[in-house]
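This report walks through one structure, chain by chain. Please keep the sequence and the 3D view at hand.

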Amino acid sequence: MLAALVPGTVCAQGPGVTKLAGRIPQEAVPAIDSLIAAAVAESLPTEPLVQKALEGSAKGIPADRLVNGVRRGLVQLRQARVLVGRALPGQPQPEGHVAAVAAALARGLPPSIAERMLTMSADEPPAPALHAAADLVAHRFNPDSAADLLVAAHAMGLRGERLLDVAIAADQELQRGGGRMPAEALARVRAMLPNVPAPKVAVTPHGKTGS
Amino acid sequence: MTDRLDDAIELLKTPPALSVESRVMAEVRRMSAPAPRRRLFTWPRLATGLALAAGLAAMLLIPRSPQTLTPGDAEGIAQFVGQFPGARSVEVVGSFNNWSRGLLHLRDENHDGIWRAAAVLPAGQHEYMFVVDGERWVTDPLAGRFVDDGFGGGRENSVLIVRPAVQR
C-alpha cells in the first residue's frame, strides 16, 4: 500500500483517512500513509491516528515530529490490543475498546490497571471505567488502591458514568481542608458507596431542569 | 457538522441556566487566586504565552431546556468558557471538529474578557485546545484532565469527557 505522492493525499484505506486529504504536510504523507496502512493491516482502529495527524498539522508541528506522534499512537494501539486480548481472552477485540485503552494509557494509566478495568467491565463498554481510573491516577492516588475502589464501586452496581462520579468524589475528598491523605480520601469514598454524589450540573434527563 | 455549529450558534444566543453560569464564574474566580492543588498545570508555562492574560476555561454539561439544544441519545452539550482579556479571537479546536480551525469560536458578548461557546458533542472522550488570536495554542487549565500531545514539545491537550445527555 504505497502512498501516491500527490500533495497532501493519503493512500491508506479507511473511512477516516479521507479527512487527511490536503491537511497534512506533503513530506509527512508517505510515513503517515505507512503507519495508517499498518494499523489497517493489523485491524487496529485508524481514527486515533488520523486525529493525531490532523492535530499535528493544525498545530504546525514539523513533519518529523508529526510522524513520530502518529507512530507513538500506533505503538499505544498495539499495546492496548495486547491488554484487551489478555483481559478478555477468546473474545472479540472491538476497536472502541482498543482505542479507549490506548487513550487511557496516553493519560498515564498503568497497563496493569487498564487490564483490571477491562476485566471488571467485561460485559460493558470499558471507557468510563478507564477514564475514572485515569482520573484517579492523574490525581496521584495510588493506582492499585484507585482500582480497588472502582472495582468495589462496580461490585455495588455502579456502571458507566457513575464510575466517573466515584473518581470525582475521591478528588473532592482529597481537596477538602485538613490535609486529607489520598488513602483516607479513598476510604471515605468507599464508605459512601454506592451513594457517591452525582454532579450538581450534569446530565439532565428529558423533561427535567438542571440544578 | 454544519448543523451542529448552527445549533451551537443558536445556543449561544440563549444564556445558560443561572446555576451553570454561576458555576462557571465561580470557577473563573477560583482560578484568579493561586491554586496550589492544581497538579497538572503550571502558571509560568501559560504565562509565557499569554503574558498577563490568564487562560481560564471550564466545560460543563448544561441543562436542557426548550430554548437550548436537544442532544441525541449519544450526545451531550459542552460549554467552553475562558478568560482571555484583550484577546481579539478565541476558538476551540479539537478532535470533535477534526482539529479544524474556524469552526467553533468563543464569543465575548460583554467585552469583559470572558469568552464562551457551546456545542453538542458526541458522548465520550475528546481532546482540544484553545487558539487565541489565531496563533496561540492554549491548554484549558480548568479542564481537569490533560494528556501530553505526543509531539515532543511538552504541550498538553485538555481532555473533555462528554456524558450522554440522556442516561440509559
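**Basis and burial in chain B**

A residue is called buried if 20 or more other C-beta atoms lie within 10 Å of its own, exposed if 12 or fewer, and partly exposed in between, with C-beta atoms placed from the backbone. By that rule, 49% of the 168 residues of chain B are buried.

This is a predicted model, in which local features need pLDDT of at least 70, side-chain atom pairs count only at pLDDT 80 or more, and totals for chains, interfaces and linings use all residues. Residues are numbered from 1 along each chain as its sequence is written, while chains are lettered from A and ligands numbered from 1 in the order in which they are written.

**Layout of chain B**

Chain B holds three helices and eight strands. Helices (H or I, at least four residues) and strands (E, at least two) are DSSP runs, numbered from the N terminus. The order from the N terminus is α-α-α-β-β-β-β-β-β-β-β.

Contacts need C-beta atoms, placed from the backbone, within 7 Å of each other. Of the chain B contacts with a separation of 6 or more, 69% join residues 24 or more positions apart.

**Strand S3 of chain B**

S3(B) covers residues 90-94. Five of its five residues are buried, so the strand is largely enclosed by the rest of the structure. In a regular strand, side chains alternate between the two faces of the sheet. Here both faces are covered. One side carries B:Val90, B:Val92 and B:Gly94; the other carries B:Glu91 and B:Val93.

S3(B) runs antiparallel to S5(B), and five bridges join them. Pairing of two strands requires at least two DSSP bridges. Within this pair, B:Glu91 stands opposite B:Val131 of S5(B).

**Helix H4 of chain A**

H4(A) spans residues 95-106, twelve in total. Its first and last C-alpha atoms lie 16 Å apart, close to the expected 16 Å. That expectation is 1.5 Å times one less than the number of residues.

Ten of the twelve residues are buried. Among them are A:His97, A:Val98, A:Val101 and A:Leu105. The cover includes helices H2 (47-58), H3 (63-87), H5 (111-120) and H6 (127-138) of chain A. Chain B contributes too, through strands S5 (124-132) and S7 (146-148). Just after the helix, A:Gly108 takes a positive phi of about 105°.

A:Gly96 sits in H4 of chain A. This glycine is partly exposed, because 14 other C-beta atoms lie within 10 Å. A:Gly96 and A:Leu83 are 13 residues apart in sequence, and their C-alpha atoms are 13 Å apart.

A:Gly85 belongs to H3 of chain A. A:Gly85 is also partly exposed, with 14 other C-beta atoms within 10 Å. Its C-alpha is 22 Å from that of A:Arg159, 74 residues away along the chain.

**Domains of chain A**

Chain A is assigned domain 1 (1-106) and domain 2 (108-201); such bounds come from an automatic or database domain assignment. Their centres, taken over C-alpha atoms, are 30 Å apart. Twelve residues of domain 1 are in contact with 13 residues of domain 2. On the domain 1 side, H3 and H4 of chain A are the elements that give two or more residues. H4(A) gives the most, with six.

By class, that side has eight nonpolar, three polar and one charged residues. Ala, Val, Leu, Ile, Met, Phe, Trp, Tyr, Cys and Pro count as nonpolar; Asp, Glu, Lys and Arg as charged; the others, Gly among them, as polar.

Technical notes
Contact = placed C-beta atoms within 7 Å.
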